[in-house]
Amino acid sequence: KAHKWIRKFRERTRMSQRGFSKLIGIDCGNYSKYENGRLCAGDDFIDRFSETCKLSDVEAELIRALSSHDKLLCFVIREDEK
(Lines give C-alpha, C1' and ligand atoms only; values in the text may rest on other atoms or scores of the structure.)
Protein backbone atom coordinates (compact mmCIF):
# COMPACT_ATOMS: atom_id res chain seq x y z
CA LYS A 1 0.00 0.00 0.00
CA ALA A 2 1.45 3.27 -1.19
CA HIS A 3 -0.05 5.37 1.61
CA LYS A 4 1.97 3.59 4.29
CA TRP A 5 5.22 4.40 2.48
CA ILE A 6 4.11 7.97 1.82
CA ARG A 7 3.64 8.46 5.56
CA LYS A 8 6.92 6.70 6.36
CA PHE A 9 8.93 8.85 3.94
CA ARG A 10 7.25 12.07 5.11
CA GLU A 11 7.98 11.19 8.74
CA ARG A 12 11.61 10.71 7.77
CA THR A 13 11.69 14.46 6.99
CA ARG A 14 10.54 15.15 10.58
CA MET A 15 7.84 17.46 9.26
CA SER A 16 4.18 17.52 10.24
CA GLN A 17 1.53 16.72 7.64
CA ARG A 18 0.50 20.38 7.63
CA GLY A 19 4.03 21.70 7.15
CA PHE A 20 4.88 19.11 4.52
CA SER A 21 1.68 19.70 2.57
CA LYS A 22 2.41 23.45 2.46
CA LEU A 23 5.94 22.76 1.28
CA ILE A 24 4.76 20.70 -1.70
CA GLY A 25 1.79 22.96 -2.42
CA ILE A 26 -1.08 20.61 -1.57
CA ASP A 27 -4.08 21.29 0.65
CA CYS A 28 -3.50 19.67 4.05
CA GLY A 29 -6.84 17.84 3.91
CA ASN A 30 -6.01 16.28 0.55
CA TYR A 31 -2.50 15.42 1.69
CA SER A 32 -3.97 13.62 4.69
CA LYS A 33 -6.10 11.56 2.29
CA TYR A 34 -2.96 10.42 0.47
CA GLU A 35 -1.42 9.25 3.75
CA ASN A 36 -4.62 7.50 4.82
CA GLY A 37 -5.18 5.74 1.50
CA ARG A 38 -8.37 7.59 0.58
CA LEU A 39 -6.70 9.21 -2.45
CA CYS A 40 -4.38 7.39 -4.83
CA ALA A 41 -1.19 9.27 -5.65
CA GLY A 42 -0.79 10.41 -9.24
CA ASP A 43 2.41 11.14 -11.11
CA ASP A 44 2.41 14.86 -10.29
CA PHE A 45 2.04 14.19 -6.56
CA ILE A 46 4.67 11.46 -6.63
CA ASP A 47 7.13 13.71 -8.47
CA ARG A 48 6.74 16.58 -5.97
CA PHE A 49 6.70 14.22 -3.01
CA SER A 50 9.82 12.36 -4.17
CA GLU A 51 11.75 15.55 -4.81
CA THR A 52 10.82 17.07 -1.46
CA CYS A 53 11.65 13.89 0.47
CA LYS A 54 14.83 13.43 -1.57
CA LEU A 55 13.81 9.86 -2.38
CA SER A 56 16.18 7.63 -4.28
CA ASP A 57 15.05 6.39 -7.70
CA VAL A 58 14.22 3.02 -6.15
CA GLU A 59 12.10 4.60 -3.41
CA ALA A 60 10.22 6.76 -5.92
CA GLU A 61 9.56 3.74 -8.14
CA LEU A 62 8.27 1.83 -5.10
CA ILE A 63 5.69 4.57 -4.51
CA ARG A 64 4.76 4.56 -8.23
CA ALA A 65 4.35 0.78 -8.36
CA LEU A 66 2.31 0.60 -5.17
CA SER A 67 0.14 3.51 -6.27
CA SER A 68 -0.53 1.81 -9.61
CA HIS A 69 -1.46 -1.36 -7.75
CA ASP A 70 -3.81 0.59 -5.45
CA LYS A 71 -5.50 2.27 -8.46
CA LEU A 72 -5.98 -1.07 -10.18
CA LEU A 73 -7.43 -2.61 -7.03
CA CYS A 74 -9.89 0.28 -6.63
CA PHE A 75 -10.95 -0.12 -10.27
CA VAL A 76 -11.53 -3.87 -9.87
CA ILE A 77 -13.57 -3.32 -6.70
CA ARG A 78 -15.74 -0.70 -8.44
CA GLU A 79 -16.30 -2.98 -11.43
CA ASP A 80 -17.18 -5.88 -9.16
CA GLU A 81 -19.80 -3.75 -7.38
CA LYS A 82 -21.70 -3.10 -10.64
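Gly 29 is found in helix α3, where helices are DSSP runs (H or I, at least four residues) numbered from the N terminus. At 37% relative accessibility, Gly 29 counts as partly exposed; on the scale used here, buried means under 20% relative accessible area, exposed over 50%, and partly exposed in between, with a 1.4 Å probe and protein chains only. The model is a predicted one, in which local features need pLDDT of at least 70 and side-chain atom pairs count only at pLDDT 80 or more, while totals for chains, interfaces and linings use all residues. Two packed helices are described by the angle between their axes and the distance between the axes. For α2 and α3 (28-35) the angle is about 110 degrees and the axes are 9 Å apart; axes are lines fitted to C-alpha atoms, for helices over the stretch in contact, and angles run from 0 to 180 degrees between N-to-C directions. The two helices α2 and α3 are therefore roughly perpendicular to each other, given that angles under 35 degrees count as roughly parallel, over 145 as roughly antiparallel, 65 to 115 as roughly perpendicular and the rest as oblique. From α2, the residues Gln 17, Arg 18, Phe 20, Ser 21 and Ile 24 meet Cys 28, Tyr 31, Ser 32 and Glu 35 of α3, with contact meaning heavy atoms within 4.5 Å. Sorted by class, this contact of α2 with α3 has four nonpolar, three polar and two charged residues. In that sorting, Ala, Val, Leu, Ile, Met, Phe, Trp, Tyr, Cys and Pro count as nonpolar, Asp, Glu, Lys and Arg as charged, and the others, Gly among them, as polar.

An α-helix has 3.6 residues a turn, so residues three or four places apart point the same way. Leu 23 counts as exposed at 52% relative accessibility, and it touches Met 15 and Thr 52 when residues up to four places away in sequence are not counted. The C-alpha atoms of Leu 23 and Arg 48 are 25 residues apart along the chain and separated by 9.6 Å. Just after α2, Gly 25 takes a positive phi of about 75 degrees.

Helix α1 (residues 2-12) also has a buried face. Ala 2, His 3, Ile 6, Phe 9 and Arg 10 of α1 are buried. Their directions, seen down the axis of α1, fall within an arc of 130 degrees, so these residues line one face of the helix. The axes of α1 and α4 (residues 43-53) come within 10 Å and cross at roughly 30 degrees. That makes α1 roughly parallel to α4. The passage of α1 across α4 is a left-handed crossing, a crossing being left-handed if the near helix is turned anticlockwise from the far one by less than a right angle, and right-handed if clockwise. Ile 6, Phe 9, Arg 10 and Arg 12 of α1 make the contact with Phe 45, Phe 49 and Cys 53 of α4. By class, the contact of α1 with α4 has five nonpolar, no polar and two charged residues.

Ser 50 also lies in helix α4. Its relative accessible area is 10%, and Ser 50 is buried. Not counting residues up to four places away in sequence, Ser 50 touches Leu 55 and Ala 60.

Backbone angles in two of the loops complete the picture. Most residues other than glycine have a negative phi, and most peptide bonds are trans. Arg 14 has a phi near 65 degrees, a positive value in a residue other than glycine. Arg 14 lies in the loop between α1 and α2 and counts as exposed at 80% relative accessibility. Lys 54 likewise has a positive phi, near 55 degrees, in a residue other than glycine. Its place is in the loop between α4 and α5 (57-81), and Lys 54 is exposed, with a relative accessible area of 70%.

Conventions
Residues are numbered from 1 along each chain as its sequence is written. Side-chain values use heavy atoms; hydrogens and water are left out. The arc is that of the directions from the helix axis to the C-beta atoms.
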